[in-house]
Amino acid sequence: MNIYDIAQAAGVSTATVSRVLSGSDKVSPQTREKVQSIIDKNGFVPNAFAQGLGLGSIKLIGLLCTDVSDAFFAKAVSSIEQQLRQYDLAAVLCCTGEELSGKKQSLELLLSKKVDAIILIGSPMGAGNENSHLVEAAKQCPLIGLNLHLDIPGFYGVLSDQEQAMRENVAHLQKAGCNKIAYFYDGDSPANQAKLVGYRKAAKDFDERLLVQTKKDLDAAMEAADSLFDDCPFDGILASEDILAIGAYKAMAARGLSLPTIGFNNSVVARCATPSLTSMENMLDSLCTIAVTQLVDVLNGKNVPRKISIACHLVERETFRLT
């Protein structure tokens, strides 16, 4: 029996078990008695190998993302791995794909390895209405959401305030005189939903035709922008991803138009594009740092905020200037 088995048997989090084992006074007498009885009954002895972290730890952290070839996910995995090493923690990565079945299978694999915690990278890991697998997983080990927060016991999330960021993007274009702002987005992940809410709140009186969902692909964005302009001409461009903003801008440039354009994520393609793309910085480096700090604090039984939100900021380049 390990710390996760004890937590599951007692119906509490692993952090609570750690507090009982360490003699913390931040556990109610009733819960302490319940946990201690299970410990005594099973003769559980904490693993001395992990005295510097959570008791019973094997110093292995699971990482989940849909596709590591995506620039956002690849950068996040690299940053998180480097920071975990500073705490003498190793990582094992699973790429799940977009389908729910793949996400469930990968999660089960990590849990079978008795990892100390799992970091879910990117909001697609929480997409859809079926998250019962995450509810059950959080009973076995802490879950940390990177750019993702779910209202689940044992789930801790850090994310950028993408709704507010998109509202600011709309306001910037409106101040520049744009009255018909097209918005190109991909998928219905929690992050994309937040951005869409921000666009709707800020744009207010807009034509529904200006909302265009397309694949996260340059050619798809170019084709979508061309079709939209023929049906409903626009004078400004926003996108949920940099690649979509670049595609839409290129389609308009081919028509001899240079429209104010703002992307999102401030990825490497924003800097490499010609002209260079103004983009909203999603603060990925900060998100990764906070996520690892959350994880270590949770494993050490500290009180950790269930949700941390940080502000984004605009990086101005050639496709749009505030002044």
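Reader: What is the strand order of the open sheet of 6 strands?
Author: This is a predicted model, where local features need pLDDT of at least 70, side-chain atom pairs count only at pLDDT 80 or more, and totals for chains, interfaces and linings use all residues. Residues are numbered from 1 along each chain as its sequence is written, and side-chain values use heavy atoms, with hydrogens and water left out. Strands (E, at least two residues) are DSSP runs, numbered from the N terminus, as are helices (H or I, at least four). The pairing is parallel, and the order is β2-β1-β3-β4-β5-β11.

Reader: Which strands stand at the edges of this sheet?
Author: Two strands pair if DSSP finds at least two bridges between them. An edge strand here has a single partner, so one side of it is left without a neighbour in the sheet. The edge strands are β2 (90-95) and β11 (307-310).

Reader: Which residue is the bridge partner of G62 in β2?
Author: Strand β1 (residues 60-65) pairs with β2 in the parallel sense, over 6 bridges. The partner of G62 in β2 is V92.

Reader: At what angle do the axes of α9 and α10 cross?
Author: Axes are lines fitted to C-alpha atoms, for helices over the stretch in contact, and angles run from 0 to 180 degrees between N-to-C directions. Helix α9 covers residues 218-231 and helix α10 covers residues 242-253; their axes come within 7 Å and cross at roughly 50°. That makes α9 oblique to α10 (under 35 degrees is roughly parallel, over 145 roughly antiparallel, 65 to 115 roughly perpendicular, the rest oblique). The angle asked for is roughly 50°.

Reader: How do the residues of the contact of α9 with α10 divide by class?
Author: Contact means heavy atoms within 4.5 Å. Residues in it include L218, M222 and F229 of α9 and I243, L244 and M252 of α10. Ala, Val, Leu, Ile, Met, Phe, Trp, Tyr, Cys and Pro count as nonpolar, Asp, Glu, Lys and Arg as charged, and the others, Gly among them, as polar. The division is 11 nonpolar, 1 polar and 2 charged.

Reader: What separates the centres of domain 2 and domain 3?
Author: Domain bounds come from an automatic or database domain assignment. Domain 2 is 60-160 + 284-308, and domain 3 is 162-282. Their contact takes 11 residues from domain 2 and 7 residues from domain 3. Taken over C-alpha atoms, the centres are separated by 29 Å.
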